Amino acid sequence: MRHLLLVLATVLVTCSTVAQAADQAKAPAKTNAPAVAPTAADVRYGEHERQMLDFYQAKSDQPTPV
């Protein structure tokens, strides 16, 4: 009976640890990049409500590749 309880306890701890690791993997990575406002926000490129983008223009005195 003690062996069964030990096995059950081990399985529960393992499942809990795996679940916590999965939750941490889903969390977005934190970066130290500064927040930059877009040059143009919510630019529509289609009819659907989700067809929009934010445009960030590169600061340059000469033509800059995309």
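Asp 42 lies in strand S1, a strand being a DSSP run of E with at least two residues and a helix a run of H or I with at least four, both numbered from the N terminus. Its phi is near 55°, a positive value in a residue other than glycine. Most residues other than glycine have a negative phi.

The model is predicted: local features need pLDDT of at least 70, side-chain atom pairs count only at pLDDT 80 or more, and totals for chains, interfaces and linings use all residues. Residues are numbered from 1 along each chain as its sequence is written, and side-chain values use heavy atoms, with hydrogens and water left out.

Mean pLDDT, the predictor's confidence in each residue from 0 to 100, is 81 for the protein, and 73% of its residues reach 70 or more.

Of the 66 residues, 0% are buried, where buried means under 20% relative accessible area, exposed over 50% and partly exposed in between (1.4 Å probe, protein chains only). The protein exposes about 6800 Å², of which carbon and sulfur atoms supply 60%; these areas come from the Shrake-Rupley method with a 1.4 Å probe.

Leu 53, in strand S2 (residues 52-55), is partly exposed, with a relative accessible area of 39%. Together with Val 43, Tyr 45 and Phe 55, Leu 53 forms a nonpolar patch on the surface, with about 380 Å² of accessible area in total. Such a patch joins nonpolar side chains (Val, Leu, Ile, Met, Phe, Trp, Tyr) within 5 Å, from residues with over 30% relative accessible area and no salt bridge, the latter being a side-chain nitrogen of Lys or Arg within 4 Å of a carboxyl oxygen of Asp or Glu.

Technical notes:
Patch = residues over 30% accessible without salt bridge, like charges linked within 9 Å, V, L, I, M, F, W, Y side chains within 5 Å.
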